[in-house]
Amino acid sequence: MSSTETTPASPPAFEPVSVAAANALSVASWLVPGLGYLLLRKWIRGALIAVSIFAMFLLGLGMQGQLFAVNGKNLLDILGWIGDLCNGLPYMIARMAGGGAGNLYTVTGDYGSMFLVASGLLNLLAAADVRDVALGRKP
Amino acid sequence: MVAGLSLALLAPLAVVVMSQFTAVIVFALFASVVFAITLREEPRAQIRYGAFCFACFLIGTVIAGWILYFLQPH
């Protein structure tokens, strides 16, 4: 065997999907944290992501954090709203239920707001990763 | 109906009170899990990277806390 010959790569666990399907999985992962991995049969990853994102989101609400609304006047509010929106359906449900009013008089309220924004941004990171996994760029 | 159902789901959510350090630990734990899963490929590398991120969060917070302690006016 020549030294330049390489061993064949191990076959992927599943067939990569089309770009449209990968985008759909990414959107599903955005709407429901962890769902994209579960649809790709990555059970442990999906469960860990779902638990992490949901726990951060619920802890943020429990700490009386603020869910930002659309506000074109303040740049920080806009960025906070984008971060919150990345939580997907949990954000929409919490807003419809009147949650996330925030409490300016407690320290934990400020922490809660950061938990809510951070969980959204982490969910966005996971959704992007789901797309890579679905396209076969990552095992 | 959706709003009512949502309210019923959120109603049992008690007010969570935790210390600043506990909040840091919880934040670091969940963020490290997501970082490890999304930024590393192999399970062993994911565990190593998650532990590294967790340690960085905690050590960075302690260092920042001491810096702020010495910067505050006495």
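Guide: In this predicted model, A:Arg45, A:Leu48, A:Ile49, A:Ser52, A:Ala55, A:Met56 and A:Leu59 of H3(A) are in contact with B:Val26, B:Phe30, B:Val33, B:Val34 and B:Ile37 of H2(B). Contact means that the C-beta atoms of two residues, placed from the backbone, lie within 7 Å. Helices (H or I, at least four residues) and strands (E, at least two) are DSSP runs, numbered from the N terminus.

By class, this contact has 10 nonpolar, 1 polar and 1 charged residues. Nonpolar covers Ala, Val, Leu, Ile, Met, Phe, Trp, Tyr, Cys and Pro; charged covers Asp, Glu, Lys and Arg; the others, Gly among them, are polar.

The crossing of H3(A) and H2(B) is left-handed, that is, the near helix is turned anticlockwise from the far one by less than a right angle (clockwise would be right-handed).

Leaving out residues up to four places away in sequence, B:Val34 touches A:Ile49, A:Ser52, A:Leu122, A:Leu125 and A:Ala126. B:Val34 and A:Ile49 are also among the residues that touch the most other members of the largest nonpolar core, which has 40 residues. Such a core is a set of buried Ala, Val, Leu, Ile, Met, Phe, Trp, Tyr and Cys residues joined through C-beta atoms within 7 Å. Buried means 20 or more other C-beta atoms within 10 Å of a residue's own, exposed 12 or fewer, and partly exposed in between, with C-beta atoms placed from the backbone. H6(A) gives the most to this core, 11 residues.

For chain B as a whole, 21 residues are in contact with 28 residues of chain A. H2(B) supplies the largest share of that side of chain B, 9 residues. Chain B has 3 helices and 0 strands, and buried residues make up 18% of its 74 residues.

Residues are numbered from 1 along each chain as its sequence is written, while chains are lettered from A and ligands numbered from 1 in the order in which they are written. Local features need pLDDT of at least 70 and side-chain atom pairs count only at pLDDT 80 or more, but totals for chains, interfaces and linings use all residues.
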